[in-house]
Amino acid sequence: MRGRLAAIPGVLQRLAAEQHSVDFVEKVQELCRRELGFELPESLLRGAWIAGLDMRAVYGAAMLATLRSIAEQVHATGFTNGRDPDETAVSFFLDCGYHAVDISPCSDGRLKGLIRYILRLPDEAIRYRNAYAGALFDVEASVGRWIEAELSRFREWRPVGPEAESRYLKIAVYHWSSSDPLHMGCAAHGSNRRRAAAGALSRLREFREAIQNQFCCGASVDLLLVGVDTDTDAITVHVPDADGELSLHRSIDNMDLYGQTVGDDPNAAYLKVYEALRVVSEQEGWGSGNGQPTEGMRRLVATLLVNNLSQIDYVCAAHGGRYADVGHAEHFISVGDGFEEFQLRNIAYYAHLQTLEEGTPDMDVGIRILESLNVSRGLPVVVAVHFRYDRRVPGSRDRTIAKCRRVTDAIRARYAELARRGLLVCGMTVQDQAAGSPLEVVDCETAPAARPAAVDDTSGRICVDEGGKP
Ligand code: ZN
């Protein structure tokens, strides 16, 4: 995946060298077909012999087409099965006492592989996953998701009815960099690990208080705070006490556990993890709490830690214990509902939002990161706006397309200077919520008729027809 995105600048350099040859268009399309697997919009190539190629627009078009092609490939291989719940994983969480799990990590691209790789959980088992800059998630939106999850228990008995003594689990995930803690940590918290953890913890507490105040104490939720060292993928889990209370000072560093468990078989590793849980729960001083967490929470935390030991093992074997790209290396900004298809470290900065107004801090951080990665090299910032609709709801697709356009226009207006210089390229797609649904490309104009791809020269915006082919 990363190789295909990283190959684009090299192919485009070769393409640029051809732009004054007589049969330029044929040569370029042949090169793109062979090296990238698709053709470029003809409109980008026509007239290149007079005005020269708009390489920024070409880069944007190539990046967006590659993203769609990767998504198609992912669907074809059945790597993701969309939002269909995985029964085994759902029953694991139910056994731990949780009927729904809602994770809010930081938007940072280095956490893009959080669920599938760092925590090694099946995507489908996580009911909600929405990233926010600095893991400072929207409390009201989280309450809305909680209401949806609880209502489906009452109305549909999904995944279990209301009589089951299960709870809703909200997890916030912050991050830091052990190699360069002062510069490569969380951009939203000035690379300050403590501030990142404290910020996420305070949102978690606000969320629980909101639920308790609005729906009485019996409707309480469980909270979990997890940190990730993005250089090694090792996690730190803040262990709740018997009352579900969290502390910044009561946590298990999995890199320490990794050192103690190297060479152990899984059973021996589990025993050491449970022992670490007991020890940390009995500590005195700043991190002291009211004893060990519930049995279900212990099982969940132990599983997360053991899963993550395997990921640390992988990073040791494949990357010498530490990624070479400890800093940012995102290729694009993913805006909206996020792509199920791209769950890979450092592939994209992800800003979860429904309107730009609510997601402005997230977008500003993302634009800043991509500016330093791309604009400094003359390449545009590529923004992939993507929302999901529900085919079962009349008019949902049309409203979702309108939302796509609204958010895209707002992004272009907010970063107008970048857009004016051709350094902001936006693409839009929508997708049905049903498992394995294809990405549908949204034309950037409101005209109903599908039309061939074209570039708005004043904005650098790429328009692609409804059929999905550039
Ligand atoms: Zn961050």
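A salt bridge is taken here as a side-chain nitrogen of Lys or Arg within 4 Å of a carboxyl oxygen of Asp or Glu. The model is predicted, so local features need pLDDT of at least 70 and side-chain atom pairs count only at pLDDT 80 or more, while totals for chains, interfaces and linings use all residues. Residues are numbered from 1 along each chain as its sequence is written, and side-chain values use heavy atoms, with hydrogens and water left out.

The structure holds 24 salt bridges. Side chains of opposite charge can pair when their charged atoms come close. In one of the bridges, Lys 27 meets Asp 23 at 3.7 Å, N to O. Lys 27 is partly exposed, at 36% relative accessibility. Asp 23 is also partly exposed, with a relative accessible area of 35%. Buried means under 20% relative accessible area, exposed means over 50%, and partly exposed lies in between (1.4 Å probe, protein chains only).

A further salt bridge joins Glu 245 to Arg 208 at 3.2 Å, N to O. Glu 245 sits in the loop between β5 (234–238) and β6 (251–253), and Arg 208 in helix α10, so the bridge ties together parts 37 residues apart in sequence. Helices (H or I, at least four residues) and strands (E, at least two) are DSSP runs, numbered from the N terminus. Glu 245 is partly exposed at 33% relative accessibility, whereas Arg 208 is buried at 10%.

Glu 275 and Arg 278 form a salt bridge of 2.6 Å, N to O. Both residues lie in helix α12 (residues 266–281), 3 residues apart, about one turn of the helix. Glu 275 is partly exposed at 38%. Arg 278 is partly exposed at 30%. Elsewhere, salt bridges that share partners link Arg 14, Glu 30, Arg 34 and Glu 35 into one network.

The zinc ion has Cys 106 (SG), His 175 (NE2) and Cys 186 (SG) as its protein donors, lying 2.1 to 2.2 Å from it. Donors are N, O and S atoms within 2.8 Å of the metal (3.2 Å for Na, K and Ca); water is not among the atoms, so sites may look incomplete. Along the chain, the donor spacing is C-x68-H-x10-C. Cys 106 belongs to the loop between β1 (98–105) and α8 (114–118), and Cys 186 to the loop between β3 (167–176) and α10 (193–215). The two cysteines thus link distant parts of the chain, 80 residues apart. Cys 106 is buried, with a relative accessible area of 6%. Cys 186 is buried as well, at 3%. A search of the whole structure finds 0 disulfides, defined as pairs of cysteine sulfur atoms within 2.5 Å.

An open sheet of 6 strands runs in the order β2-β1-β3-β4-β5-β6, with mixed pairing. β2 (128–129) and β6 stand at the edges with a single partner strand each, so one side of each has no neighbour in the sheet. Two strands pair if DSSP finds at least two bridges between them. Strand β4 (residues 222–229) pairs with β5 in the antiparallel sense over 5 bridges. Within this pairing, Asp 229 has Ala 234 of β5 as its bridge partner. Helix α11 (residues 254–261) packs on the sheet and touches β5 and β6; contact means heavy atoms within 4.5 Å. The direction of helix α11 makes about 50° with that of β6. Axes are lines fitted to C-alpha atoms, for helices over the stretch in contact, and angles run from 0 to 180 degrees between N-to-C directions.
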